[in-house]
Amino acid sequence: MNKENIKEEQILIRLTGQDRPGLTASVMGILAQYDAQILDIGQADIHSTLSLGILIRIDELHSGQVMKELLFKASELNVNIGFAPVTDDEYEDWVGRQGKNRYILTVIGRTLSAGQIAAVSKVIASQGLNIDSILRLTGRKSIKKHSASVRACIEFSLRGTPYDHSQMQSELMLLASQMQIDFSLQKDDMYRRMRRLICFDMDSTLIQTECIDELAVRAGVGDQVKAITERAMRGEIDFKESFKERVALLKGLDVSVMQDIAENLPVTEGADRLMSVLKRCGYKIAILSGGFTYFGEHLRKRYGIDYVYANELEIGEDGKLTGRYVGEIVDGHRKAELLKLIAQVEKVNLAQTIAVGDGANDLPMLSEAGLGIAFHAKPRVVANAEQSINTIGLDGVLYFLGFKDSYLGEQGRLQ
């Protein structure tokens, strides 16, 4: 028979059962004998249970024999196998859907329940998106040993375009506040996979305190300064004016106090792990802070941070703070400018940048960055940010970047 006259068909093969080494190789060996084309393939493994799907195109003369041999092999391996025909039109329709947009929805919590995942899935379905795959990024949780750093993260790969992107964001934000989960919805493009620059706020982000409040306590004006700080972070008063007021209240404080505070900075949960991974993966890291350079430099030395831009306190000849500052105030507008400047210097597209912060003065840089993340942030910031982390530590950023725990050791070392 003329080979050109032999008709070909598509067959979807599904295998499920106990996973074991060599199973996929055995199946592929049979398909190879009959020169089957592999049109698509996908495999998942949950608790050592395999789910393998293979879409093949094969000539009709051999399709029956292939299915027969696969049935025998499945019986030998003690796995279940099924076959389903796929017409040419069905296949072409599937191919035509490849041009649709793709999104990655990352969901994080200390734990994740069926109710939480059901609620997220309902939002996905209501927006007309199809779930192509679901991937667990976090390690398996022990049910016998308690861990203070337990967290759960899954990543949905979505195909399609949301009916209303803003509404989807709003619905996910509402779920986040109601169900104690965090999420990130990102378009799955080349920039998401090639982030290169990350800029952090310092106070209440990299460290769990506001350095100006710590200084104020030592100067005996803690309550006054803290009240001004809180109003500024909530966006109720202009940052520059609040900064001048607070710095003036520090007049007369001995500079030695700054060293003591720097040596005892309470680093945020997950910061060590996050920084270790970012440095090993070649990210450029910057601190863009409305706080003070003195403390930023301390963190630079600790983590090998590439850039530190913050505010400089003026120190008198007597070694005491004068109540004034030196240079331009780093406020929200300046942070956004610096992010763009560093990206330009490092030849990084803005879409490849990340910004992480908690206060109202971080909103401009969060909006400017390709990925802006509100971290344990004030309500106004969470409401205006597209991504937020409120349930776990700073290393939650890694999951938004697509890292899996299986790639990382306990200290964040790449495996």
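Helix 11 (residues 293–303) has five named positions to start from: T293, F295, G296, L299 and Y303 are its buried residues, where buried means under 20% relative accessible area, exposed means over 50% and partly exposed lies in between (1.4 Å probe, protein chains only). Viewed down the axis of helix 11, these buried residues fall within an arc of 160°, so they line one face of the helix; the arc is that of the directions from the helix axis to the C-beta atoms. The cover over them includes helix 6 (211–219), helix 9 (256–262), helix 10 (271–280), strand 10 (284–292) and strand 11 (307–315). Helices (H or I, at least four residues) and strands (E, at least two) are DSSP runs, numbered from the N terminus.

The model is a predicted one, in which local features need pLDDT of at least 70 and side-chain atom pairs count only at pLDDT 80 or more, while totals for chains, interfaces and linings use all residues. Residues are numbered from 1 along each chain as its sequence is written, and side-chain values use heavy atoms, with hydrogens and water left out.

Helix 6 is followed by G220, whose phi is positive, near 80°. In the loop between strand 9 (197–200) and helix 6 sits S204. This serine has a positive phi near 65°, although it is a residue other than glycine, and S204 is partly exposed, with a relative accessible area of 23%.

Strand 11, part of the cover over helix 11, also pairs with strand 12 (residues 321–326), in the antiparallel sense and over 3 bridges. Two strands pair if DSSP finds at least two bridges between them. Here E312 stands opposite V326 of strand 12. The hairpin of strand 11 and strand 12 has 5 residues between the strands, and in it G319 takes a positive phi near 75°.

Elsewhere, an open sheet of 4 strands has the order 2-3-1-4, with antiparallel pairing. Its edge strands are strand 2 and strand 4 (80–86), each of which pairs on one side only. On average, neighbouring strands of this sheet are turned by 15° against each other, direction ignored. Strand 2 (residues 37–46) and strand 3 (residues 49–59) are antiparallel and share 9 bridges, with I46 partnered by T49 of strand 3. Their hairpin has 2 residues between the strands, and H47 there takes a positive phi near 50°. Strand 3 is also joined to strand 1 (residues 8–18), by 11 bridges and again in an antiparallel run; L15 has L52 of strand 3 as its bridge partner.

Two helices accompany these strands. Helix 1 (residues 23–33) lies across strand 1, strand 2 and strand 3, running at about 10° to strand 3. Helix 2 (residues 60–77) packs on the sheet and touches strand 1, strand 3 and strand 4, its direction making about 160° with that of strand 3. Axes are lines fitted to C-alpha atoms, for helices over the stretch in contact, and angles run from 0 to 180 degrees between N-to-C directions. Contact means heavy atoms within 4.5 Å.

Helix 4 (residues 114–126) and helix 5 (residues 165–179) form a helix pair whose axes come within 10 Å and cross at roughly 170°. The two are therefore roughly antiparallel to each other; angles over 145 degrees count as roughly antiparallel, under 35 as roughly parallel, 65 to 115 as roughly perpendicular and the rest as oblique. Helix 4 contributes G115, Q116, A119, V120, V123, I124 and S126 to the contact, and helix 5 contributes M168, E171, L172, L175 and M179. Helix 4 also holds I117, which is partly exposed, with a relative accessible area of 28%.

Leaving aside neighbours within four places in sequence, its contacts include R195, L197, L339 and A343. By contrast, K347, in the loop between helix 12 (332–345) and strand 13, is exposed, with a relative accessible area of 76%.
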